[in-house]
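Me: I would like a close look at one part of this model. Please keep it brisk and work from the geometry.

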Amino acid sequence: MIAVIADDLTGAAELAGISLRYGLSVSVHLDNAIDSDADVVIISTDSRSMQKAAAVYCTAEAVETIMDYQPSLLYKKIDSVLRGYVINEIKVQMELSEKGKAFILPANPSLQRTISKGEYFINGKKITETDFVHDPEFPISNASVKSMLQDATVQALKHDDWLPVEGIVIGEARSTTDVEAWAELMDDSWMLVGAGDFYTALLQRDYAIQQQQKSELQSPHLYVCGTAFKERKEFIKQANCCSCLPDNITEEWLEQTGDMIKQQSKVIIAIDESNQSALELRTSMAKAVKEIVARENIKEIFIEGGSTATAVLAELNIKKLTPVNELSRGVVRMKAGELFITVKPGSYQLPDEILKLYS
């Protein structure tokens, strides 16, 4: 069994999609009540949206649960731009798994996210020149990966550098070839931490890509936008089926949103301007979605933003998801009972299947 501990749901889904690509069966769990029937078992802790102490505690619980199954590979999925409590969670996992050294490879060169000379770049620009400086929970003010990790003891190395016998290393990578070279260097003595490209390179060592079956999206469907990225705001403006979430959910708003679904078999729920905190917004969004799903017999939900997705699934009392299709990188369609749920990170591109539905 391959085991993954992910710090948010979209990260868990992304690795589930990559696993499907290699013909592996996958189960995604939102708590520690896991089963080992699947080839790949993924626990989403949602620790990135917690306070530091709670994040470390829930990570420790997930590690202890997974270790009982003696997985052939244990991978810690983190945010590709190092948001969250990365070092704190790594250190507790190192302790519980009795690893003296950890290797972090967050770069995704396939998505133009690279690390060079100790600094993080997106599409050739330093990360401090992107929207990540305005992240509502983990704003990035320095392109140095050591600064982003808030730990000066971490060593930033290239794959042809000498590796230490202990401690924490973050790998530089400007291409997928660099990522694959790092994967070939790794063995069981390392705790492995990273994003999608590194996980892909690790799977490539033992598995081959398989043909995936496509399936038809169901109707009526609901698009839940929990991201602040300006590209998505532009997409929403151009759609003619958006219902902006009010600060206070009223019966009138629910009826208007329901009427839109009845007329068009779809609706986008998004946040316009609000004085509420990120937590309050997620909570309001989740309660609104639960009500609309119950009233309008929704068959498909597309959710953008990991913390928003976790809040929605918690409100719907969904604890386990079975991945069905990888629509595109990081955009994975999963099933819970009769409901299909697709989740994606806010910074990733929307696949054509979803764009066509809302264009």
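Which hand does the crossing of H8 and H9 have, left or right?

Reply: The model is predicted. The crossing of H8 and H9 is right-handed. H8 covers residues 251–264 and H9 covers residues 278–296. Their axes lie 11 Å apart, and the packing angle is about 50 degrees.

Now the contact itself. H8 contributes Glu251, Trp253, Leu254, Glu255, Thr257, Gly258, Ile261 and Lys262. From H9 come Ala288, Glu291, Ile292, Arg295 and Glu296. By class, the contact residues are five nonpolar, two polar and six charged. An α-helix has 3.6 residues a turn, so residues three or four places apart point the same way.

Next, H1, residues 9–21. Its 13 residues should span 18 Å at 1.5 Å a residue, and the end C-alpha atoms are 18 Å apart, so the two agree. H1 is mostly covered, with 13 of its 13 residues buried. Just after H1, Gly23 has a positive phi of about 75 degrees.

H2, residues 52–67, passes the length check too: 16 residues should span 22 Å, and its end C-alpha atoms are 22 Å apart. Buried residues in H2 are Ala55, Cys58, Thr59, Ala60, Ala62, Val63, Thr65 and Ile66. Their cover includes strands S1 (2–6), S3 (40–44) and S4 (73–77), along with helix H3 (86–97).

Key
Residues are numbered from 1 along each chain as its sequence is written. This is a predicted model: local features need pLDDT of at least 70, side-chain atom pairs count only at pLDDT 80 or more; totals for chains, interfaces and linings use all residues. Side-chain values use heavy atoms; hydrogens and water are left out. Axes are lines fitted to C-alpha atoms, for helices over the stretch in contact, and angles run from 0 to 180 degrees between N-to-C directions. Helices (H or I, at least four residues) and strands (E, at least two) are DSSP runs, numbered from the N terminus. A crossing is left-handed if the near helix is turned anticlockwise from the far one by less than a right angle, and right-handed if clockwise. Contact means heavy atoms within 4.5 Å. Ala, Val, Leu, Ile, Met, Phe, Trp, Tyr, Cys and Pro count as nonpolar, Asp, Glu, Lys and Arg as charged, and the others, Gly among them, as polar. The expected span of a helix is 1.5 Å times one less than its number of residues. Buried means under 20% relative accessible area, exposed over 50%, partly exposed in between (1.4 Å probe, protein chains only).
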